Amino acid sequence: MQVAETLLNIEGLKTHFFTEAGVVKAVDGISFNLKKGESLGLVGESGSGKTVTALSVLRIVPKPGKITDGKIEFNDEDLLQKTEEEMQRMRGSEIAIIFQDPSSSLNPVYTVETQLRDVVMAHQTVSKTEARKKAIEILEVVGIPDAGTRMREYPHQFSGGMKQRVAVARALACEPTLLFADEPTTNLDVTIQAQVLNLLNDLKKKFGMSLVMITHDMGIIAEMTTRIVVLYAGRVCEIAETHDLFERPRHPYTEALLAAVPRLDMRKTLRIIPGNIPNLIQPPSGCRFHPRCQYAKQICKEDIPILEEIESGHFVACHEWQNITLKGERSR
Amino acid sequence: MAKYHVERGKKSLTSNNLIEVKNLVKYFPVYSRGVLLKKEVGLVHAVDNVSFNIKRKETFGLVGESGCGKTTVARLILNLIKPTSGEVFFEEENIFEKFQSANKDEKLKLRRKMQLIFQNPYGSLDPRMTVFDIISEPFVIHKHVPKNQWKNRVYELLKLVGLEEYHAERYPHEFSGGQRQRICMARALAVEPEFLIADEPVSSLDVSIRAQILNLLGELQERIGLAYLYISHDLSSVRQISHKVAVMYLGEIVELADTDELFKKPLHPYTVALIQAVPIPDPKARAMKIVLPGEVPSPINPPSGCRFHPRCPKAQKICSEKEPVFEELKSGHFAACYFPHMD
């Protein structure tokens, strides 16, 4: 088997927010990697650090947030060592991101044409006419009919699904090698969601991009990704290939998450994860999931579990993984 | 227009329907931007000829995409807006007539029986009131609990929805989304309603918290025999909680059946597409799907004939010409389609 090249390697990333109420440890020692051409899922609930991880890679963490520790290697270059100018050149042309809400990520006072043209002209030395041509092309690729006319319109003249297509077009205008999709369909209706997910899959094949899909929706993850990183309260719980994770989860949080999601193709008893998502200013000691974990032992309160590879490609951060048998999606 | 009107013998006392909705229509006028005079330029067909029944202790799911009229139906049933035409019966009483003719006490009595919880528990709780004030406010309005028992009742209600007594002295901002939704439920239950409308109650919550609220809704139904109208765009949660489901598209109900029947053997092409569009949390279940082209058209000038025909993979000429009749195609399974998916 050919080993695919690593495109992105994150090691011990810590991004903290220095607020007046205290230091919010939004991302607290996250490590994972991404291979070329891969679709990786970042799963977790709100406050798990999914989005902050993506923002850290692009180095656009908003104030008062700061990357305090760790390494982010992209194509063997350390992104944290780069100057702001160098980063600016990479954003859009190498690494791009689409956000959850296209209405707030597109600028309402510029036409779609201007916004797309600006992206192209920022990264390539082309004339205005050429940039415009490129913009039409990419709009056609993302499935906007009559692109030449519609691009002269403003974002508010597009529907939600169409706006998200424009956002996708803007992200892909310079054919980046890595795309972060941060909950790209959460605001869309299901039939439109299916269209956008299909589009992302097609474009991934077409441009040979790597995709990091950030979502809390286990359905989208199952459908779109080949490998999954499960995050909880700023730390990695488990990393595994998608089918492996769904069939044989090894972390109690992953098991609980799977058991808590209703399925359309069958009715099942929903298992409750007791309690709430922890406060990240004073996160629980030891394993951050221990107050909600039914398998928690004394050691879980005291020691931080390390992420270990228990099988080839399957990583788990749990003290008790050898002593517990967890149920996957099919064995319930 | 008259497509679905099943006569059930009006006011027959044997009927165990708690709610009967008959040919409900709501159009919202759209005005032009005139300087002095407003001119009506069109009508938004928000709800068009919707009929269904909800039995006691039953959960009736109403699904559809945004803008299909789900929430307008809820507001009509609660008489928060006036219908263009149609009737709603609650315990065989026409609520629109009642709200027009009855005196204040009787209106309040009717209001007590029907309650609503909203999607956003951040927006539906007053940030300046303590949880105790929020939950006891219905006692002030309805005066059904003597003042010396307020405290006990509030504690009971908090326990019922899975909160603790000490939570009563806190303010909404001290709670997480799931807990706030529990507070909303406690407030709704404070008047001892028989019928609760839950409008996307879990959409703004995290996945691990959604299961808590869905299970709580189920438990409450068993314990106090509530009937629910559960409104959501999330088919998985509708399937989880409902006994019967109606699918809405552009203001109309296109299909109605028992939950399992509807999800296993959908008849209407829209329902089929909607079900297939939902990603299933199981990588082995990845399947071929029909992805619907286009978007939901404007409800101001809905398409002629069957409103779904411009996006329907099965559409023929007749679909654009004549509106299909909403009829019982199989026992207990209604749909409005010329070319339903029959085995």
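# Report on a predicted two-chain structure

In chain A, strand 11 and strand 12 form a hairpin with two residues between the strands, and Gly313(A) in this hairpin has a positive phi near 85°. Helices and strands are DSSP runs numbered from the N terminus, where a helix is H or I of at least four residues and a strand is E of at least two. The model is predicted, so local features require pLDDT of at least 70 and side-chain atom pairs count only at pLDDT 80 or more, while totals for chains, interfaces and linings use all residues. Residues are numbered from 1 along each chain as its sequence is written, and chains are lettered from A and ligands numbered from 1 in the order in which they are written.

## The hairpins

Strand 11 (residues 308-311) and strand 12 (residues 314-316) of chain A are antiparallel and are paired over three bridges; two strands count as paired if DSSP finds at least two bridges between them. Within this pairing, Glu308(A) faces Val316(A) of strand 12 of chain A.

In chain B, strand 11 (residues 327-330) and strand 12 (residues 333-335) run antiparallel and are joined by three bridges. Lys330(B) has His333(B) of strand 12 of chain B as its bridge partner. The hairpin of these strands has two residues between them, and Gly332(B) has a positive phi there.

## Residues with a positive phi

| Residue | Phi |
|---|---|
| Gly332(B) | near 75° |
| Gly162(B) | about 85° |
| Asp76(A) | near 65° |
| Glu192(B) | about 55° |

Asp76(A), which is not a glycine, belongs to the loop between strand 4 and strand 5 (77-78) of chain A. Is Asp76(A) buried or exposed? Asp76(A) counts as exposed because it has 9 C-beta neighbours inside 10 Å. A residue is buried if 20 or more other C-beta atoms lie within 10 Å of its own, exposed if 12 or fewer do, and partly exposed in between, with C-beta atoms placed from the backbone. Glu192(B), also not a glycine, is in the loop between helix 6 and strand 7 (195-199) of chain B. With 15 other C-beta atoms within 10 Å, Glu192(B) is partly exposed.

Another backbone feature is the cis peptide bond between Lys63(A) and Pro64(A), with omega about 0°. Pro64(A) is placed in the loop between helix 1 (50-57) and strand 4 (65-74) of chain A.

## Helix 5 of chain B

Helix 5 (residues 150-160) of chain B has the buried residues Val154(B), Leu157(B) and Leu158(B). Viewed down the helix axis, these buried residues fall within an arc of 100°, so they line one face of helix 5 of chain B. The arc is that of the directions from the helix axis to the C-beta atoms. The exposed residues Asn152(B) and Lys159(B) are on the face turned away from the buried side. The buried residues of this helix pack against helix 4 (131-142) and helix 6 (177-189) of chain B.

## Buried surroundings and the nonpolar core

Leu231(A) is part of strand 9 (residues 227-232) of chain A and counts as buried because it has 25 C-beta neighbours inside 10 Å. Although 183 residues separate Leu231(A) from Ser48(A) in sequence, their C-alpha atoms are 5.7 Å apart in space. Apart from residues up to four places away in sequence, Leu231(A) touches several residues, including Leu42(A), Ser48(A) and Cys237(A); contact requires C-beta atoms, placed from the backbone, within 7 Å of each other.

Which residues touch the most other members of the largest nonpolar core? They are Ala260(A) and Val247(B), in a core of 200 residues. Helix 8 (residues 190-207) of chain A gives the largest share of this core, eight residues. A nonpolar core is a set of buried Ala, Val, Leu, Ile, Met, Phe, Trp, Tyr and Cys residues joined through C-beta atoms within 7 Å. Leaving aside neighbours within four places in sequence, the contacts of Val247(B) include Val63(B), His268(B) and Leu274(B).

## Contact between the chains

The contact takes 39 residues from chain A and 35 residues from chain B. On the chain B side, helix 7 (207-224), helix 8 (235-241) and helix 10 (269-277) each supply at least two residues. Helix 7 of chain B gives the largest share, six residues. By class, this side of chain B has 17 nonpolar, ten polar and eight charged residues. Here Ala, Val, Leu, Ile, Met, Phe, Trp, Tyr, Cys and Pro count as nonpolar, Asp, Glu, Lys and Arg as charged, and the others, Gly among them, as polar.

Terms used: Contact = placed C-beta atoms within 7 Å.
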